[in-house]
Amino acid sequence: IVPLNSQSIEIEAKSFYNCRALVNLVLPQGSTADDSTTHKHSFQRCALLQDRFGEGEDSIITGLTSRFDNFPVHKLCYHHS
């Protein structure tokens, strides 16, 4: 579990490449995925994340950093688990 008040994280290219089971991840606000130099996406072929947030890198990052927006009880439970 990543504490919600953590510093932002830069996810390197292909960090979660082909991770077909990844669905439960929360990233701190300001986190980014760096694929600018290799053009290889950090979440490429992560089917469950792509199904949930769309195939675009930006939409996945937005979904993972804002997962608990408007859900304060869920945020509290996650943070204390």
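Modeller: The account below takes the backbone, then the rings, then the cysteines.

This is a predicted model, in which local features need pLDDT of at least 70 and side-chain atom pairs count only at pLDDT 80 or more, while totals for chains, interfaces and linings use all residues. Residues are numbered from 1 along each chain as its sequence is written, and side-chain values use heavy atoms, with hydrogens and water left out.

Helices (H or I, at least four residues) and strands (E, at least two) are DSSP runs, numbered from the N terminus. The loop between strand E1 (10-11) and strand E2 (32-33) contains Lys-14. Phi of Lys-14 is positive, near 65 degrees, and the residue is not a glycine. Most residues other than glycine have a negative phi. The loop between E2 and helix H1 (47-53) holds Arg-45, another non-glycine residue with a positive phi, here about 70 degrees.

For accessibility, buried means under 20% relative accessible area, exposed over 50%, and partly exposed in between (1.4 Å probe, protein chains only). Lys-14 is partly exposed because its relative accessibility is 39%; Arg-45, at 40%, also counts as partly exposed.

Lys-14 also takes part in a ring contact: it lies over the face of Tyr-17, 4.6 Å from the ring centre. The rule requires NZ of Lys or CZ of Arg within 6 Å of the ring centre and within 35 degrees of the ring normal.

The search of the whole structure finds 1 aromatic pair. Phe-16 and Phe-43 form this pair, which is stacked, with 5.4 Å centre to centre and 5 degrees between the planes. Phe-16 belongs to the loop between E1 and E2 and Phe-43 to the loop between E2 and H1, so the pair links distant parts of the chain, 27 residues apart. Rings of Phe, Tyr and Trp (its six-membered ring) pair if their centres lie within 6.5 Å; planes under 30 degrees apart count as stacked, over 60 as edge-to-face and the rest as tilted. Phe-16 is partly exposed at 28% relative accessible area, whereas Phe-43 is buried at 1%.

The cysteines remain. A disulfide is taken as a pair of cysteine sulfur atoms within 2.5 Å, and by this rule the count comes to 0. The closest cysteine sulfur to that of Cys-19 is in Cys-46, at 5.4 Å, which is too far for a bond. Cys-19 is partly exposed at 29% relative accessibility, while Cys-46 is buried at 0%.
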